[in-house]
Amino acid sequence: MRAMVMVLTGVMAIMMNAAVRASDNWPDFRGPGHMGIVDATDLPLTWSESENVKWKTAIHGKAWSSPVIWGDQIWMTTADPAGHERYAVCVDRNTGKIVHDMKLFEVAEPQFCHDFNSYASPSPVIEAGRVYVTFGSAGTACIDTATGKVLWTQRDLYCNHFRGAGASPILFENLLILPFDGSDYQFICAMDKNTGKVVWKTNRSVDFGDLEPSGKPKGDGDFRKGFATPLIAALDGKPVLLSPASKAGYAYDPRTGEELWRIEEKSNHSASSRPVAGNGLAYFCTGLARGQLWAVRPGGSGVVNDTNVVWKVLRGVPKKPSPLLVDGLIYMCEDSGVLTCLDAMTGQEIWKDRIDGTYSASPIYAAGRIYFFEEHGKTTVIEAGKTFKKLAENTLDDGFMASPAVVDNALYLRTRTHLYRIEK
């Protein structure tokens with residue numbers, strides 16, 4: 001009995017600490033659960049440049065990376081518009097003052113980056129004492145958050161990002177996992193988070209079917225590259241690394257990089273949305289060409305299109321914003337502002353409506369509300385549920401390419417030019 005009490009006490013302590021961590025920190029661009037679900041209970045419903053703004057800080061450069069938060073520190077990346085200089089920036093969460101503005105890499109000949117993208121689009125990932133930032137092939141770095149000292153850099157991993165890098169790193173146990181889906185090379189790899197050394201590297205296995213006799217890719221490089229951030233999900237009682245890429249969505253063993261299974265959708269390419277998982281299913285948005293949402297039952301090996309795909313939705317699917325999975329419902333914001341609510345088990349449409357604007361940032365859910373952040377500065381708030389109800393529209397001076405962060409009951413919003421703390 002005493003042993004059981006000690007075990008239960010330990011479990012309760014772990015759960016309580018996890019709850020504290022969830023409210024105090026925002027470790028990657030979709031939050032503590034990595035799927036945009038927020039435990040805040042009293043976020044503001046309305047704001048403007050003159051209402052509910054605790055502070056506003058200008059951030060130099062052009063960058064779409066989302067802020068991450070640990071304790072009193074907010075970290076993000078930025079770059080000069082031409083891509084020659086790559087920075088990590090740390091802002092004090094309480095005051096909005098810049099604590100660190102660190103040039104990490106100089107790039108003499110930057111790869112091409114489309115005007116819609118930036119040279120600092122991948123978001124950092126943070127944990128106690130360390131933040132990990134990447135610029136794709138230009139370099140990845142680990143920084144001591146207490147001192148601002150660079151602990152290691154990794155510049156040996158390469159692909160031609162073609163339009164610019166987009167995928168963000170994730171942490172799992174002692175590994176920093178990051179996809180490299182370029183027009184020339186397509187792989188996913190894991191680095192030792194303490195040293196930056198590569199632990200495993202796995203090439204994408206889909207047959208693109210567009211090679212010249214020499215083995216070089218032919219046609220448009222867009223049909224080979226990807227932008228999506230992976231997700232670690234508990235499926236069938238074990239951790240599974242879900243990683244969308246061009247023409248396929250993959251499941252890997254995160255400890256070894258072994259491919260477990262994959263879905264293929266060869267008419268599609270350049271996946272950008274991060275997957276979600278729940279109800280024993282994985283949900284993939286399949287790409288930019290013709291957005292589709294697939295619900296996939298885990299298991300099997302090789303291509304599981306015919307055996308494991310439970311349902312597909314072919315309309316209203318986002319190409320860039322990630323979906324939300326809340327209380328058995330999936331909410332999607334298509335890039336042009338079409339909102340769709342689906343039954344997560346069947347894919348049946350519950351409702352569809354439209355909010356004006358153009359969307360790249362991923363939405364968040366908090367306390368019965370869903371927040372959508374638009375490229376020209378508008379945020380639309382709706383009530384979550386089986387009927388569409390708009391609650392508010394709010395506007396800031398510049399637009400959102402980065403996704404929001406939340407700690408306690410404050411929103412941390414990065415526009416193209418500034419970082420805001422929005423709070424009642």
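Buried means under 20% relative accessible area, exposed over 50% and partly exposed in between, using a 1.4 Å probe on protein chains only. I noted that this is a predicted model, where local features need pLDDT of at least 70, side-chain atom pairs count only at pLDDT 80 or more, and totals for chains, interfaces and linings use all residues. Residues are numbered from 1 along each chain as its sequence is written, and side-chain values use heavy atoms, leaving out hydrogens and water.

**Entry: cysteines**

I began with Cys285, which is buried at a relative accessible area of 4%. I then looked for disulfides (pairs of cysteine sulfur atoms within 2.5 Å), and the search of the whole structure gave zero. For Cys285, the closest cysteine sulfur belongs to Cys333, and at 11 Å it is too far for a bond. Cys333 counts as buried as well, with 2% relative accessibility.

**Entry: Thr286**

Next I found Thr286 in the loop between β21 (281-285) and β22 (293-296); strands are DSSP runs of E, at least two residues long, numbered from the N terminus. Is Thr286 buried or exposed? I read a relative accessible area of 8%, so Thr286 is buried. Its contacts (heavy atoms within 4.5 Å), leaving aside neighbours within four places in sequence, include Glu265, His269 and Trp294.

**Entry: a sheet**

Last, I traced an open sheet of four strands in the order β24-β25-β26-β27, with antiparallel pairing; two strands pair if DSSP finds at least two bridges between them. β24 (324-326) and β27 (349-354) are at the edges with a single partner strand each, so one side of each lacks a neighbour in the sheet. I saw five bridges between β26 (residues 338-343) and β27, and Val338 stands opposite Arg354 in β27.
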